Amino acid sequence: MKRLLVTLCVLLCVFAMAACGGAETSYPDIPVTFEPDCPIMAELMSDTPLRSVADAFHDALSALENGDRVLVFLLDGWGWEKFQYHRDMQPFLSSLNPEPALTVYPPITPVALATVVTGVQPDVHGIHSRADRRMNYGVTDIFAEAARLGRTVAYIQGHSGIIQTSLLPILSPDADGLYGSDNEIFENARRHLDADFLFVHFHGIDDMGHTYGPYAEEVGVRMALIDECIQYLVENWGYGTVIITADHGMRRIYGNPYRLGDHGNICHEDMIVPYIITQRGSSNE
Ligand SMILES: [Zn+2]
Ligand SMILES: [Zn+2]
């Protein structure tokens, strides 16, 4: 019966195509921009990593459930290719052997941040654009899960929370005009190294990349600073699981001398980011 139905459908399609004069299928008129510097779907699909940024939620939760402490770094705009290009400027992060991971579409901060803290895709958490701040009802985040397990939690952000989470972030606006908010984020993180679960979102790699382009020396210099900050925080963290990843990558753009890097396309540079998970010390030491 099923085979008969399939055969009928095929015959109907053949007749319909013949009646329309063959291949005159009409598609909606959607403009597609092919940027020469941004290889699109084919390259992305041929090199899709096994890891996803959603793993950060699941890895953190499973470590917390096992009684471990967890330190998460989200490095805004720390793309896989950007990391590889500036690898020598990040000796500590490089020594932790990052793996490539796929982020979510569109690869922009609120959408990916929501996936990192909930472990679910945008169609479930409901954040699809920079205008969305409130996640769908019933979606839990890693801060609520850590609190449910009775663990102490601190969430360090830059100048704003970006999306609504179950725990209000500790904000770190730029107070001195130096290094954007990165030095303030570092100071706030340093003050909360005793938390069982600490989540730290650095922004400078993205900010510098937008201004100078992802492969500029200025970006490498900021990466070196953040690499040192992370090394200090990890070495002073004591024992626990450390997870380091990014919300999205970045590609070089042309046409605006004040904005040389951007992200938001479904291409390799925007969609693939590094992912690190490592164990530091033990509770018996
Ligand atoms: Zn971002
Ligand atoms: Zn950005």
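This is a predicted model: local features need pLDDT of at least 70, side-chain atom pairs count only at pLDDT 80 or more; totals for chains, interfaces and linings use all residues.
The largest nonpolar core holds 66 residues, and the members that touch the most others are Ala 60, Val 72 and Leu 75. The contacts of Leu 75, apart from neighbours within four places in sequence, are Phe 202, Ile 205, Ile 226, Ile 244 and Ala 246. Of these, Ile 226 belongs to the buried residues of helix H11, and Ile 205 takes part in the contact between helices H10 and H11.

Helix H11 covers residues 217-235. Its end C-alpha atoms are 27 Å apart, which agrees with the 27 Å that its 19 residues should span at 1.5 Å a residue. The buried residues of H11 are Val 219, Arg 222, Met 223, Ile 226, Cys 229, Ile 230 and Val 234. Viewed down the helix axis, these buried residues fall within an arc of 125°, so they line one face of H11. Glu 217 and Glu 235, on the other side of H11, are exposed.

Helix H10, residues 204-212, packs against H11 at an angle of about 175°, and the two axes are 9 Å apart. The two helices are therefore roughly antiparallel, since an angle over 145 degrees counts as such. On the H10 side the contact is made by Gly 204, Ile 205, Met 208, Gly 209 and Tyr 212. On the H11 side it is made by Glu 218, Val 219, Arg 222, Met 223 and Ile 226.

The loop between strand E4 (153-156) and helix H9 (182-191) contains Ile 170. This residue is partly exposed, with 16 other C-beta atoms within 10 Å. Although Ile 170 and Ile 156 are 14 residues apart along the chain, their C-alpha atoms are separated by 4.9 Å. Not counting residues up to four places away in sequence, Ile 170 touches Ala 154, Tyr 155, Ile 156, Gln 157 and Asn 188.

Some backbone angles call for separate mention. Most residues other than glycine have a negative phi, and most peptide bonds are trans. Ile 162, however, has a positive phi near 70°, and lies in the loop between E4 and H9. Ile 162 is buried because 20 other C-beta atoms lie within 10 Å, and 20 or more are needed. Tyr 179 also has a positive phi, of about 55°, and is found in the loop between E4 and H9. With 19 other C-beta atoms within 10 Å, Tyr 179 is partly exposed. A cis peptide bond, with omega about -5°, joins Tyr 105 and Pro 106. Pro 106 is placed in the loop between strand E3 (99-102) and helix H6 (109-118).

Conventions. Residues are numbered from 1 along each chain as its sequence is written. Chains are lettered from A and ligands numbered from 1 in the order in which they are written. A nonpolar core is a set of buried Ala, Val, Leu, Ile, Met, Phe, Trp, Tyr and Cys residues joined through C-beta atoms within 7 Å. A residue is buried if 20 or more other C-beta atoms lie within 10 Å of its own, exposed if 12 or fewer, and partly exposed in between; C-beta atoms are placed from the backbone. Two residues are in contact if their C-beta atoms, placed from the backbone, lie within 7 Å. Helices (H or I, at least four residues) and strands (E, at least two) are DSSP runs, numbered from the N terminus. The expected span of a helix is 1.5 Å times one less than its number of residues. The arc is that of the directions from the helix axis to the C-beta atoms. Axes are lines fitted to C-alpha atoms, for helices over the stretch in contact, and angles run from 0 to 180 degrees between N-to-C directions. Angles under 35 degrees count as roughly parallel, over 145 as roughly antiparallel, 65 to 115 as roughly perpendicular and the rest as oblique.
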